[in-house]
Every structure is written in structure tokens, then in C-alpha cells.
Amino acid sequence: MHGSLSTYHIGLFDSGVGGLTVMQEIARLLPHESLLYFGDTARVPYGNKSRETIIRYSIENAIFLLEKQIKLLVVACNTASAFALPKLRQIFNIPIVGVIEPGAQKAVSVTRNQRIAVLGTKGTIQSGAYQLEIQRLLPQATVVPVACPLLVPLVEERFLNHPITRLAIKEYMNQLEKAEVDTILLGCTHYPLLKELIQEQAGPHISLVDSASTCAQTVAHLLQTHKLESPTNQATHRYYVSDDPDKFHDLGEKLFGQPLPHIELQKPE
């Protein structure tokens with residue numbers, strides 16, 4: 001891959017605001033790198049849609065970002081990573097990082113009793129992607145998957161500390177009562193935004209992990225391997241959404257406590 005590409009952006013996409021948790025970690029680890037984020041807010045949530053639809057959306061999102069001349073693509077959405085990653089890697093000739101493998105690596109490195117719960121969207125859990133990856137890395141692991149379809153819409157509606165959200169988390173976590181897990185993998189990039197509520201329900205003895213920091217390390221490694229690191233510290237971050245940029249802007253600022261620059265409305269074709 002040609003070295004001149006190193007001035008280009010790293011592209012990320014997610015169904016909504018959740019992928020910003022991954023973007024934040026990449027920006028922290030790689031402050032010299034320019035980032036371009038696309039939130040598909042018109043079609044959020046992805047977790048309850050069919051495999052075919054998620055693959056189609058993911059291809060459209062990737063094309064949109066590639067037209068902006070990105071050098072590396074981060075699929076910052078667990079559902080899209082679970083269903084669309086092989087197809088994206090087959091079609092597009094740039095390094096592509098998902099969030100499933102980094103998340104599984106983190107969980108396997110943290111667990112002490114080899115019993116790991118995975119909280120995810122309906123689509124991610126049904127795909128079995130986390131279960132397969134964890135057991136590939138740690139064959140003796142017991143994986144307890146829990147589908148949590150209400151959590152992404154609750155985050156997108158800013159119900160971060162709301163009684164309804166607490167109730168939903170309690171309902172989902174009840175499934176872990178007798179599972180004896182010591183690690184919970186937050187298998188959706190929206191879920192770290194509910195970390196405190198989930199930890200409160202799980203108890204202090206259970207470790208919560210997500211894919212963001214490990215994903216950022218994978219990105220750093222791939223940039224180095226492909227000689228795509230940015231030679232300059234003139235990093236710029238740009239944001240696009242497919243619907244309601246004002247809502248995304250307000251939610252992003254509220255969640256991350258820092259101002260987001262102008263957000264452009266642009267739909268992938």
C-alpha cells in the first residue's frame with residue numbers, strides 16, 4: 001500500500017453514537033491520527049435487523065467512508081462486526097478492524113475462573129461471534145450470552161441514568177444470577193456508556209470489559225504494519241451522520257463531556 005496514504009483519515013462507522021467510545025480510545029492512543037466518524041443515526045439500532053440488511057448497511061457505510069479516502073476502516077459496531085466483517089474484507093482492499101476480536105482478547109486476558117458473560121444486541125448474540133472467538137482463544141471457557149435489545153435505544157434517547165434503564169439492566173442481569181461469571185464483556189459499543197449502572201447491578205467482584213482500548217491497540221499495530229502512520233501532528237476529527245445531526249451533537253457532548261465540532265448530515269448511497 002502506498003506510503004502517501006498516511007496523510008489520510010482513519011474511518012469509523014457505527015449505527016449511532018456508541019462508536020464514539022472506540023473513537024475516543026483511538027484518539028487517546030494515537031493523537032497524531034486524523035479520524036472520520038460516520039454514525040448511521042437514520043437506521044439505528046442495527047441489533048434487531050437481519051444479517052442481509054446489516055451487511056448491506058455496512059457495505060454502504062464503508063463505500064461512503066472510502067470515498068473520503070480513508071486509509072483504514074474501523075467497524076465500531078459489534079453487530080456489523082459480527083455479520084459483515086468477512087464480506088467487507090473480501091470487497092475492500094484496505095486494512096479493516098472489527099470490535100469482536102479485540103473484545104474477546106480483553107475478556108480472556110481478564111477472567112480468572114474462565115466464566116465470561118457477553119452482553120450484546122440480539123443480532124450480535126444470535127451470530128455467536130463472541131462465543132466462537134472467546135472459545136478459540138480459551139477453549140475451556142464457559143460463555144454466557146445475554147441479548148439486551150432495549151439498551152441501544154435507551155442510550156440513543158439519553159436515558160443514561162433513568163429508572164427504565166435500571167429496570168432493563170436488572171432484567172437482563174437476572175439471567176446471570178447462577179452463572180458464576182467473573183467477567184462481563186460489554187459486547188456493544190453503546191454499553192460502556194451504561195458501565196456504572198451495569199457494574200452496580202453486577203457487583204464489585206465482577207470485572208467489566210469492552211473492546212475500545214484493545215481495538216485502539218489493534219489499529220496502532222495495523223498502521224505500523226502497513227506503514228500508514230501519520231507523519232504529522234495536524235490531526236483533524238470529522239463527523240457525519242445520516243439523520244438528526246443536532247441530536248447526535250447534543251448526545252455526543254453530554255456523553256463525552258467535550259465539545260464536538262460541526263457534524264455534517266450525509267446519507268450513504
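Is Asp210 buried or exposed in this structure? Asp210 is buried, with a relative accessible area of 12%, where buried means under 20%, exposed over 50% and partly exposed in between (1.4 Å probe, protein chains only). The model is predicted, so local features need pLDDT of at least 70 and side-chain atom pairs count only at pLDDT 80 or more, while totals for chains, interfaces and linings use all residues. Residues are numbered from 1 along each chain as its sequence is written, and side-chain values use heavy atoms, with hydrogens and water left out.

**Asp210**
- Asp210 sits in the loop between strand S8 (207-209) and helix H10 (212-225); helices (H or I, at least four residues) and strands (E, at least two) are DSSP runs, numbered from the N terminus.
- The Asp210 side chain reaches the backbone nitrogen of Ala212 at 2.8 Å.

**Backbone geometry**
- Most residues other than glycine have a negative phi, and most peptide bonds are trans.
- The peptide bond from Val44 to Pro45 is cis, with omega near 0 degrees, and Pro45 lies in the loop between strand S2 (35-39) and helix H2 (51-66).
- Gln114 has a positive phi, near 65 degrees, and belongs to the loop between helix H4 (100-110) and strand S5 (115-120).
- Gln114 is partly exposed, at 26% relative accessibility.
- Glu180 has a positive phi, near 55 degrees, in the loop between helix H8 (163-173) and strand S7 (183-187).
- Glu180 is exposed, with a relative accessible area of 60%.

**Asp243**
- Asp243 is found in the loop between strand S9 (237-241) and helix H11 (245-256).
- The relative accessible area of Asp243 is 36%, which makes this residue partly exposed.

Technical notes:
A polar contact is a pair of N or O atoms within 3.5 Å; within protein, one must be able to donate a hydrogen and the other to accept it, and residues adjacent in sequence count only if both atoms are side-chain atoms.
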